[in-house]
Amino acid sequence: SPEMIIALLAVLKAGGAYLPLDPTYPTDRLAYMLDDAQVPILLTQSHLPITTDTTAQRINLDTDWPTDQPQINPSSNVTPDNLAYLIYTSGSTGQPKGVLVSHGGLVNLTEDKIRVCDVRPGDCILQFFSFSFDASIPEIIMALASGSKLLLAPATTLLPGPGLSNLIEQHQVTHITITPSALSSVPYRDFSNLRMVLV
């Protein structure tokens, strides 16, 4: 949702690090991630079912966010070595492990993705992956750092098939990152604006 993108940027701008949590994950996994990362603040929305026992302060972006926001830039004193975000592995071989990414690494990834993918202002990048999956980061940063559009769509619209095909054409998507299996399920058509498909 747009609120989660705003929250992500707010955390980075304030000098914090973020940990994306997928509300569809099992409660035990969410609880483990929150505890293992020692998360002090949980930014969420009131309708999301993240109700695990945690010492983190819960802030619902849709109900608790103050309407009177400061107009000054926060001073974060962040250095390239500071943590920007933490994403957990699938845990398929045991407990999930947190992968730490620094601000310096995020900047390098951003600049490289924009250069390699030839992203320009006015382009449209589809947010295909969940925020809790590491492939979502390049989608977000390529769009926001280049002045292009980040297209957010409901998960049901992103299911491989005619709906995804229609979404790409309707919104004149120029860049998409997608898995091979999902790509093979998208009905072929002459996507007039699509310039880059990352598989």
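This is a predicted model: local features need pLDDT of at least 70, side-chain atom pairs count only at pLDDT 80 or more; totals for chains, interfaces and linings use all residues.
Arg115 is exposed, at 59% relative accessibility. The side chain of Arg115 meets that of Asp112 in a salt bridge, with 2.5 Å from N to O. Asp112 is partly exposed, with a relative accessible area of 34%. Why can these two side chains face each other along the chain? Both sit in helix H3, which covers residues 103-116, and they are three residues apart, so about one helical turn separates them. Side chains of opposite charge can pair when their charged atoms come close.

How many salt bridges does the whole structure hold? Another of them joins Arg120 to Asp118. Here the closest N and O atoms are 2.5 Å apart. Arg120 is partly exposed, at 39% relative accessibility. Asp118 is partly exposed too, with a relative accessible area of 35%.

Next comes the bridge between Asp123 and Arg195, whose closest N and O atoms are 2.9 Å apart. This pair links distant parts of the chain, 72 residues apart. Asp123 lies in the loop between H3 and strand S5 (124-126). Arg195 lies in the loop between helix H6 (180-184) and strand S8 (196-198). Are the two partners buried or exposed? Asp123 is buried, with a relative accessible area of 7%. That value falls under the 20% cut-off, so Asp123 counts as buried. Arg195 is partly exposed, at 37% relative accessibility.

Now move past S5. Gln127 is found in the loop between S5 and helix H4, residues 136-146. Gln127 is buried, at 5% relative accessibility. What does its side chain meet there? A polar atom of the Gln127 side chain lies 2.9 Å from the backbone oxygen of Phe129. The Gln127 side chain also has a polar contact of 3.0 Å with the side chain of Glu139. Beyond its neighbours within four places in sequence, Gln127 is in contact with several residues. Among them are Ser136, Glu139 and Ile140. Leu150, Leu151, Leu152 and Leu158 are also in contact with Gln127.

Turn back to an earlier part of the chain. Helix H2 spans residues 27-37. Which of its residues are buried? They are Arg29, Leu30, Met33 and Leu34. Seen down the axis of H2, these buried residues fall within an arc of 130°, so they line one face of the helix. The face turned away from that buried side carries Asp28 and Asp35, which are exposed. What covers the buried residues of H2? The cover includes strand S1 (41-44) and strand S3 (83-88). After H2 comes Gln38, which has a positive phi, near 55°.

Strand S3 leads to the last stop. Five of the six residues of S3 are buried, so this strand is largely enclosed by the rest of the structure. Which strand does S3 pair with? The partner is strand S4, residues 98-102, joined to S3 by five bridges. The two strands run antiparallel. Along this pairing, Ile87 stands opposite Val99 in S4.

Two of these places are worth a second look in the structure. At H2, the buried face is covered in part by S3, a strand largely enclosed by the rest of the structure.

Key:
Residues are numbered from 1 along each chain as its sequence is written. Side-chain values use heavy atoms; hydrogens and water are left out. A salt bridge is a side-chain nitrogen of Lys or Arg within 4 Å of a carboxyl oxygen of Asp or Glu. Helices (H or I, at least four residues) and strands (E, at least two) are DSSP runs, numbered from the N terminus. Buried means under 20% relative accessible area, exposed over 50%, partly exposed in between (1.4 Å probe, protein chains only). A polar contact is a pair of N or O atoms within 3.5 Å; within protein, one must be able to donate a hydrogen and the other to accept it, and residues adjacent in sequence count only if both atoms are side-chain atoms. Contact means heavy atoms within 4.5 Å. The arc is that of the directions from the helix axis to the C-beta atoms. Two strands pair if DSSP finds at least two bridges between them.
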